[in-house]
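Subject: Structure handover

Hello,

Please find the structure we discussed below. My notes on it come after.

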Amino acid sequence: MSETNGKGSATPMLDELEKGEWPSFVTQIKEMAAEKEQCQQLLELLERSYREKIGHWKHGGIVGVHGYGGGVIGRYNDLPEEFPAIAHFHTLRVNMPSGWFYTSDVLRKICDIWDEHGSGLTNMHGSTGDIILLGTTTDELEPTFKALTENDFDLGGSGSDVRTPSACVGPARCEWACYDTLDLCNDLTQTFQDELHRPAFPYKFKFKCSGCPNDCVASIARSDMSIIGTWRDDIRIDQDAVREYAENGVNIERDICGNCPTKCMEWDGHDLEIDNGNCVKCMHCINAMPKALRPGVDTGATILLGAKAPIVQGAQLSSVIVPFMKLEPPYDEIKDLAERIWDFWSENGKNRERVGEIMQRVGMGNFLEAIGVDPIPEMIAYPRENPYVFYEEYYEEEDEEAEQEEEEGAAVP
Amino acid sequence: MAVTAEQVADAMYDLVKEYQGKKKLKAMDLTHMMVERYGAEGCDKKMCKAAIRSLIDSDRCVYTYFGGSYIELPHAEGAAGGG
């Protein structure tokens, strides 16, 4: 039996989405519908879309705040006479703090601003990481922006620009952080304000900062430039703590050594030995015995490039562009690398072509040459196979001549 | 041929006006066209960036989004009619 929402409109199909044990966006919108006509009409329009199997939203167009080309996503419905309260229902992306740390006071301020200027509906957080404020009119954009900036918030990225950089909680709460993800994220955000607010690229560009190879922000799958913490010395081992794990029932031979992808560990019942040269920093052993094992002390990050969801071409993960980079303020090396990549991409990229796609189109060798990075064996598409770099410098002229002579010789009967 | 950022902004504005309704131009399209017109020595990317900023800040042009970000003349958004 269908329920009715706060104003008595039946939404039987949406009501189905309130059943079950999971939180329901329908229930949450219904709560706001009691206060906001926009939310009431939003439910009715969605119910109608489910019934008709037709979407009623147009996305894009001209909306924004003065001087910015990103941060506002225009939404208009195609039935404005029937649903006038949501004729405009624009989304604002607000740049979240690094690592998503808030005080409850700040969260209340954001909600108060949105209650005053918009639908009151939020999405904490969008997949890029921004605070998403759902639904307002064109007239309310500038007042909302003013209120946000008065509270030290700024809009995030959207469109063909640098999207709001995001980072894991890093050293604030995690002992495995190999660099200060929060500081780098904030630094990149501040440095690239122009690129964030004024779209000038062929398409979007995302930075995501993960403090260790666990990659809690999934940067390898979700960002054009994945900055993943790593170390280049040895895993730190506390042998007493390893033995304690063993005494407490951990089967180190089976569950630690046996699950190591490169089998670079040996356990003799007393000591754990690691062949660090063959460690691929998968983090399994460290995750399994956090009291006994820790990343090394010579830490930095691996820089990977090219992840994307399927749009023009299929989805792909980032691949290594710099195996190890020290990441310390003022982070000039990584900023310089990003700018070289943008120069080449802006100059040669096709409309809506992501960095990962241009890498594939022009070939890794050409791409590396264009951005001034030397090819090295770590630049592989998949671990321990398929190197796709053509090492021209190893192919000397003399070799060519020798090959030619050999061929000519073979041709003579 | 040396030009100022304002001259580049004016030239960009003329292009945007000429192409309005025919082809949507991105910031990188305008930059390429200016570098081609004035030469890389007279008009570099930095100058084009400043020119675009001037165009937007002076409200002569606006950013729009249609699957990508474009620079266009300000106009009434067709879909906004009912708002």
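The notes below start with conventions, then take chain B, the interface, and some local points in chain A.

This is a predicted model, in which local features need pLDDT of at least 70 and side-chain atom pairs count only at pLDDT 80 or more, while totals for chains, interfaces and linings use all residues. Residues are numbered from 1 along each chain as its sequence is written, chains are lettered from A and ligands numbered from 1 in the order in which they are written, and side-chain values use heavy atoms, with hydrogens and water left out.

Chain B

Chain B has 3 helices and 2 strands, in the order α-α-α-β-β along the sequence. Helices (H or I, at least four residues) and strands (E, at least two) are DSSP runs numbered from the N terminus. Along the principal axes, the C-alpha atoms of chain B fill a box of roughly 50 × 20 × 20 Å.

Two packed helices are described by the angle between their axes and the distance between the axes. In chain B, the axes of helix H1 (residues 5-19) and helix H3 (residues 45-57) come within 8 Å and cross at roughly 65°. Axes here are lines fitted to C-alpha atoms, for helices over the stretch in contact, and angles run from 0 to 180 degrees between N-to-C directions. Residues making the contact include B:Val8, B:Ala9 and B:Met12 of H1(B) and B:Ala51, B:Ile52 and B:Leu55 of H3(B); contact means heavy atoms within 4.5 Å. By class, the residues of this contact are 11 nonpolar, 1 polar and 1 charged. Ala, Val, Leu, Ile, Met, Phe, Trp, Tyr, Cys and Pro count as nonpolar, Asp, Glu, Lys and Arg as charged, and the others, Gly among them, as polar.

Interface of chains A and B

The contact between the chains takes 25 residues from chain B and 30 residues from chain A. About 2,400 Å² is buried between them, and carbon and sulfur atoms give 53% of that area. Buried area is the accessible area (1.4 Å probe) that two parts lose on being put together, summed over both. Of the area that chain B buries against chain A, B:Met28, B:Tyr63 and B:Tyr65 supply 27%, more than any other three residues.

Across the interface there are 4 salt bridges (a side-chain nitrogen of Lys or Arg within 4 Å of a carboxyl oxygen of Asp or Glu). A:Glu347 and B:Lys45 meet in a salt bridge at 3.2 Å, N to O. On the chain B side, helix H2 (27-38), H3, strand S1 (62-65) and strand S2 (69-72) each supply at least two residues that touch chain A. H3(B) gives the largest share, 5 residues. The side of chain B that touches chain A has 10 nonpolar, 8 polar and 7 charged residues.

Local points in chain A

Two cis peptide bonds should be noted. A:Met124 and A:His125 are joined by a cis bond with omega about 5°, and A:His125 sits in the loop between strand S5 (121-124) and strand S6 (131-134). The bond from A:Pro329 to A:Pro330 is also cis, with omega near 5°; A:Pro330 is in the loop between strand S15 (319-325) and H12.

A:Ala218 has phi near 50°, a positive value in a residue other than glycine, and is found in the loop between strand S8 (207-210) and helix H8 (219-222).

A:Lys350 lies in the loop between helix H12 (332-348) and helix H13 (355-362). Leaving aside residues up to four places away in sequence, A:Lys350 touches A:Pro202 and A:Arg361.

Over all chains the structure holds 27 salt bridges. One of them joins the side chains of A:Glu18 and A:Lys30 (2.7 Å, N to O).

Regards
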